[in-house]
Amino acid sequence: MTDPIDPVTRFTKTDFVVRKERIQSVSKILFSLMVISMIIPLLAIIAYLFYHALPSLSWEFLVEVPKKGMSEGGIWPAFVGTLYLVLISLAIAAPIGVFAAIYLNEYARDNWFNRIINLAVINLAGVPSIVHALFGLGAFVYAAQFGYSIISASLTLAIMTLPVIIASTREALASVPMTFREACWNVGATRWQTIRAIVLPNSISGILTGIILQVSRAAGETAPIMFTGAVFYKAVSRGDLFPYQLNEQCMALSMHLYTVATQVPNVKESLPYATAVVLLCSVLFVNAGAIALRVWLRNHKKW
Amino acid sequence: MNDTADSTLKNTLPQRQFLSIAMENLLELIIRLSGISAIIFVLAIFFFVFREALPIFFSDHFDLAKFLFNTQWYPTSEVNVRYGTFALTFGSISVTFLAMIIAVPFGLGSAIFISEFCGPKMKESLKIIIELLAAIPSVVWGFIGLTVMSRIIVSLTGAPVGVNLLNGGLILALMSVPIIVSISEDALKAVPDSYREAALALGATKWQIIYRVLLPSAKNGLLAAVLLGIGRAVGETMAVLMATGHAVQIPHGPLDSVRTLTANIAAELGEASAGSDHYHVLFLTGILLFIITFAVNLTADLVIRGIRRK
């Protein structure tokens with residue numbers, strides 16, 4: 001190493017220092033290039049999708065039904081179908097997930113049983129989506145006799161989103177300081193009273209953010225609903241908000257994109273692009289909302 | 001906050017009725033039941049998928065060794081039905097391997113840049129971008145592979161078809177970079193600042209700190225990040241279904257079409273009639289996938305746990 005703080009040599013760099021600083025700046029440039037080379041192509045790809053989608057994108061495209069064997073027209077039935085699937089699956093997954101997280105964070109001690117629960121949560125999160133599809137087909141469609149229906153597809157999606165809801169809720173609960181709970185216990189509150197009056201109000205926004213992020217995940221998944229309840233085509237009237245029954249199959253945006261991109265002949269060229277852009281934008285819009293909420297919360301934290 | 005707590009407690013505590021106590025016990029029961037739901041669901045997934053796969057073991061055309069190690073996959077052949085998944089497994093492995101060759105250096109490099117080189121504002125915005133990237137649905141990725149990427153590949157390499165191993169690898173790489181970045185960034189953040197300060201005090205540059213201090217001490221976390229990226233790539237379905245082409249074969253080069261385990265299930269489950277051998281064997285493929293990802297995730301978890309204990 002160089003002589004430390006000798007007034008004469010202090011500002012003259014030895015070869016060693018020159019070399020190490022050169023390596024340093026090369027490495028910095030290299031790493032920033034890596035980030036850039038990851039982000040720029042993606043922005044370019046997204047711009048490309050937009051550019052090709054432009055001829056089809058309009059309000060009409062959203063509320064119109066598919067026409068001429070899905071080669072023209074809009075995406076309304078698929079859009080509403082996705083809304084159905086997302087809302088029902090989250091209505092099932094959110095309470096179970098939040099309760100499970102409350103158990104893991106507030107009740108569970110650190111013993112082997114709860115370690116197994118944690119392991120199960122991690123592995124449930126890692127199960128491939130197509131295996132969820134097989135499970136949904138075997139369990140809900142055949143064993144529970146729900147048939148190919150919205151309810152089977154939603155239950156499959158619910159189980160897929162559950163582990164992530166558990167993880168994000170746990171994180172939100174864990175961020176409430178322990179002293180809050182201790183103060184509450186000290187005035188004689190029971191565990192549940194503490195959770196309801198102190199823990200949940202202080203973490204509800206974090207919990208909501210986690211759930212909102214799962215909206216976009218459920219909306220984007222294709223494989224789990226493909227064999228449990230989503231269908232290629234279903235006749236629905238234009239702009240109808242309640243076209244489906246729970247025991248019917250429905251169309252879904254992600255499935256529709258797969259169909260028009262690979263299965264339907266002679267599709268209008270911009271149509272799959274427009275479908276992809278609508279799916280992409282709704283997902284990114286919801287996610288950006290959740291992230292904005294989180295940033296806002298972090299800045300307005302009370303403790 | 002404590003005020004609201006006090007007031008609620010003042011109202012509820014002294015006059016607690018039998019009913020409210022019973023309600024509370026009921027709620028705690030529900031909470032406990034939800035707590036074990038994850039275990040129930042993992043077991044249920046295994047049970048129901050396995051239940052549908054079980055009849056195949058009693059079929060005349062099935063042999064477990066051939067299922068695992070034979071490359072002949074002719075599930076609908078009239079004369080000689082063969083259920084060999086090795087070409088599919090190899091397809092999954094090769095696509096994942098190619099994806100990781102690209103994603104690991106870029107993912108780790110980006111994580112290092114985000115964690116060490118940039119300021120707080122830039123860090124925040126890059127992390128948000130990464131998070132948004134992770135949210136892009138897999139079917140959109142598949143569509144990008146089918147349209148944009150395949151055109152690029154055809155024009156750059158002159159390959160006859162653009163949907164092939166290379167395409168699938170690139171798409172999977174783009175998909176698994178976000179998860180690798182965010183987990184390795186966490187791992188780098190977990191290295192105590194005192195390590196950095198000690199190295200800095202010895203006159204080390206940023207690069208020397210990264211190379212000599214951060215990478216060795218965060219290596220478990222980085223390994224876990226790579227493993228989770230692999231887990232995601234192996235399990236990915238729609239993107240590889242649309243981007244890798246549809247040939248069940250051992251690829252000879254990156255421009256050959258392949259089919260993966262996941263894509264095979266997605267492509268054929270719709271055609272296989274329920275209760276047929278073909279249908280059961282697809283569920284068995286699901287079990288195989290389940291076991292592979294289970295092993296990868298379990299290893300990643302053990303590696304992460306190893307860090308925490310330290």
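Which domains does the domain assignment of chain B give? The assignment lists domain 1, spanning 2–59, and domain 2, spanning 83–309. Keep in mind that this is a predicted model.

Start with how those two parts of chain B sit. The C-alpha centres of domain 1 and domain 2 of chain B are 34 Å apart. The two domains still touch. In chain B, 8 residues of domain 1 are in contact with 8 residues of domain 2. On the side that domain 1 of chain B turns to domain 2, the residues are 6 nonpolar, 1 polar and 1 charged.

Now turn to the contact between the chains. Chain A puts in 80 residues, and chain B puts in 76 residues. On the chain B side, helix 3 (residues 37–53) gives the most, with 11 residues. Sorted by class, the side of chain B that touches chain A holds 47 nonpolar, 21 polar and 8 charged residues.

Chain A comes next. Its secondary structure consists of 11 helices and 2 strands. Read from the N terminus, the order of elements in chain A is α-α-β-β-α-α-α-α-α-α-α-α-α. Chain A is more spread out than a compact globule, because its radius of gyration is 26 Å, well over the 19 Å that the globule rule gives for 303 residues. Along the principal axes, the C-alpha atoms of chain A fill a box of roughly 85 × 60 × 35 Å. Of the 303 residues in chain A, 48% count as buried. Consider also the contacts in chain A with a separation of 6 or more: 75% of them join residues 24 or more positions apart.

How do helix 8 and helix 11 of chain A pack, and at what angle? Helix 8 covers residues 191–220 of chain A, and helix 11 covers residues 270–299. Their axes lie 9 Å apart, at an angle of about 170°. An angle over 145 degrees counts as roughly antiparallel, so helix 8 and helix 11 of chain A are roughly antiparallel to each other.

Which residues meet there? From helix 8 of chain A come, among them, A:Ser205, A:Gly206, A:Thr209, A:Ile212 and A:Leu213. Helix 11 of chain A meets helix 8 with residues including A:Leu279, A:Ser282, A:Val283, A:Val286 and A:Asn287. A:Arg294 in helix 11 of chain A also takes part. By class, this contact between helix 8 and helix 11 of chain A has 10 nonpolar, 8 polar and 1 charged residues.

Conventions:
Residues numbered from 1 in each chain as written. Chains lettered and ligands numbered in written order. Predicted model: local features only at pLDDT ≥ 70, side-chain atom pairs only at ≥ 80, totals over all residues. Contact = placed C-beta atoms within 7 Å. Helix = DSSP H or I, 4+ residues; strand = E, 2+ residues; numbered from the N terminus. Nonpolar A, V, L, I, M, F, W, Y, C, P; charged D, E, K, R; others polar. Rg over C-alpha atoms; globule rule 2.2 N^0.38 Å. Buried ≥ 20, exposed ≤ 12 C-beta atoms within 10 Å, placed from the backbone. Domains from an automatic or database assignment. Axes fitted to C-alpha atoms, helices over the stretch in contact; angles between N-to-C directions. Parallel < 35°, antiparallel > 145°, perpendicular 65-115°, else oblique.
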